[in-house]
Amino acid sequence: MMPRMANLTLGEPAFLILTALAAQPQHGYGMIEDARRISDGRVRLRAGTLYTVLDRLRSDGLIEIDREEVVQSRLRRYYRLTTAGADRLAVEAERLRHNATVATTRLAALGGGAA
Amino acid sequence: MSADLEARYRRMLRWYPWEHRRAYEEEMLDTLLAGARPGQRRPGPVDTVDLLLSAARHRVGLTARGLATAEWRDAAAATGVLGALLLVGLRLATAGRGYHLGGPAPEQWLRLLPWVLVAVAAATGLRWVAAGVAWLAVAGETALLVTRYSDAPTSAVFTLWAFTLAVVTAVALTVPAPPRHGVAVLGVRRVALVTAGVLVAQLGSVAAAVVGGYGHLADGRVVVGPYFRPIDTASYLAGGLLIVLASWRLAPPLRLRIIVLLAPVAATLATAEYGFDGWRDSYVRIGYVPLAAAQWAILALIPILAFALGVVLIRRHEQRTRLLALGRTADRVTQVS
């Protein structure tokens, strides 16, 4: 399935989720913890937001179900990145890198800042 | 983790539409409980707000996606044709009564003409012409409504339902659909029956004015003769019967959706009749009392809420029907095995 928003930016929660899944297949709580680590504790995804984004990423074909387990009588579902998801994450990472490079260069030209 | 917390999270997850719960409820519960602090018994405020907003977003999204289905497109096309026919009948009756009273004002013919064009264009497949003329007519009706509110405010408020019908018709005709889709969905015979019903009701009402006696006194008060009401009522009943006959064999999903699309019109009429009769009385007794902002808000919001409620009720009804059918099938399979 073609991504619905291939030309739009992902948004930070979706970017963090794809980045988390780029390491290995993960379940919901695992993604929340990993997103926190990736963002140096700045972003704490909540379950409502997480599953809204997962639902969208699934319907866009960027992630898929890897496996399901039953833990303490409850379903635990693991998700993995699809090839389309990996491509989309690469495009987004490049876009962010480009923007960050431009910002850093301009701050340096300004004479100080974070450069 | 406590059973209390799990039960509370389960209750909160019921805020989500079934389509989302079916796919994610159990794993969301697992994720929420995995993130709980030791000894936690109640969901935290941040999680509560997040779940509430996310559930609301899913419900709105689901409703919006539900409106983009072929069933709603068919209903919109049919409502566009029906609305145009009703407006032709309505404006024809107004002009006819005006003729009886010594020649209708030019504005009455001007109000009839666009809806005739809309009905003809919609029936012959010129959907964009129909939609364009309908929106022009709505713009004209808006200007007339503003003028009328300053001249005769109660009349403007109590005929607001006709304006709502014009807006609903214009919106329905704007929904993309193949040419002549409204007539195709309804069937030529049904459109002919509705047209006959509208003409019988409205021209019967004009006949009631001519035969039964209907006029204005010099001070503007309306006087009616003894035969006016019986003829007027009989013509509306006969016209209504033809329209009911026309909708009798309509497929239930289409009929329900047409009713919901026309619900704002009924809601506007009911709001004026039952919510503003006191305001009309005070107008008669003490003169002009302008409507407050809250009253305008009520007149604007109730029709929209009526439509939204109708959409939700249809979705629930159809979901319940589908689940019942699935349950019966499962029950049959269990009996057989």
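Reader: Which domains does the domain assignment of chain B give?

Author: This is a predicted model, in which local features need pLDDT of at least 70, side-chain atom pairs count only at pLDDT 80 or more, and totals for chains, interfaces and linings use all residues. Residues are numbered from 1 along each chain as its sequence is written, chains are lettered from A and ligands numbered from 1 in the order in which they are written, and side-chain values use heavy atoms, with hydrogens and water left out. Domain bounds come from an automatic or database domain assignment, and for chain B that assignment gives domain 1 (3–65) and domain 2 (69–186 + 251–324).

Reader: What distance separates the centres of domain 1 of chain B and domain 2 of chain B?

Author: The centres of domain 1 of chain B and domain 2 of chain B are taken over C-alpha atoms, and they lie 40 Å apart. The separation asked for, between the centres, is 40 Å.

Reader: What area is buried between domain 1 of chain B and domain 2 of chain B?

Author: The size of an interface is often given as the accessible area lost when the parts come together. Buried area here is the accessible area (1.4 Å probe) that two parts lose on being put together, summed over both. Carbon and sulfur atoms give 41% of the area between domain 1 of chain B and domain 2 of chain B, and the whole is about 510 Å².

Reader: Which residue forms a salt bridge with B:Glu19?

Author: A salt bridge is a side-chain nitrogen of Lys or Arg within 4 Å of a carboxyl oxygen of Asp or Glu, and the count between domain 1 of chain B and domain 2 of chain B is one. With the closest N and O atoms 3.6 Å apart, the partner of B:Glu19 is B:Arg315.

Reader: How many residues of chain B are in contact with chain A, and what area do the two chains bury?

Author: On the side of chain A, 20 residues take part, and they are in contact with 23 residues of chain B. A:Arg46, A:Tyr51 and A:Arg74 supply 36% of the area that chain A buries against chain B, more than any other three residues. Of the area that chain A and chain B bury between them, 49% is on carbon and sulfur atoms, and the value asked for is about 1,800 Å².

Reader: Which residue of chain A meets B:Asp30 in a salt bridge?

Author: Across the interface of chain A and chain B the rule finds four salt bridges. In the one that involves B:Asp30, the N to O distance is 2.9 Å, and the partner is A:Arg76.

Reader: Is B:Thr31 buried or exposed?

Author: B:Thr31 is found in helix H2 of chain B, and, leaving out residues up to four places away in sequence, it touches A:Gly28, A:Tyr29, A:Ile32, A:Leu50 and A:Tyr51. Buried means under 20% relative accessible area, exposed over 50%, and partly exposed in between (1.4 Å probe, protein chains only). Because its relative accessibility is 3%, B:Thr31 counts as buried.

Reader: Which residue does a polar contact of 3.1 Å join to B:Thr268?

Author: B:Thr268 is found in helix H12 (residues 252–275) of chain B, and its relative accessible area is 2%, so B:Thr268 is buried. A polar contact is a pair of N or O atoms within 3.5 Å; within protein, one must be able to donate a hydrogen and the other to accept it, and residues adjacent in sequence count only if both atoms are side-chain atoms. The contact of 3.1 Å runs between side chains, and the residue joined to B:Thr268 is B:Thr164.

Reader: Where is A:Asp40 placed?

Author: A:Asp40 is not a glycine, although its phi is positive, at about 55 degrees. Its relative accessibility is 74%, so A:Asp40 counts as exposed. The place of A:Asp40 is the loop between H2 and H3 of chain A.

Technical notes
Contact means heavy atoms within 4.5 Å. Helices (H or I, at least four residues) and strands (E, at least two) are DSSP runs, numbered from the N terminus.
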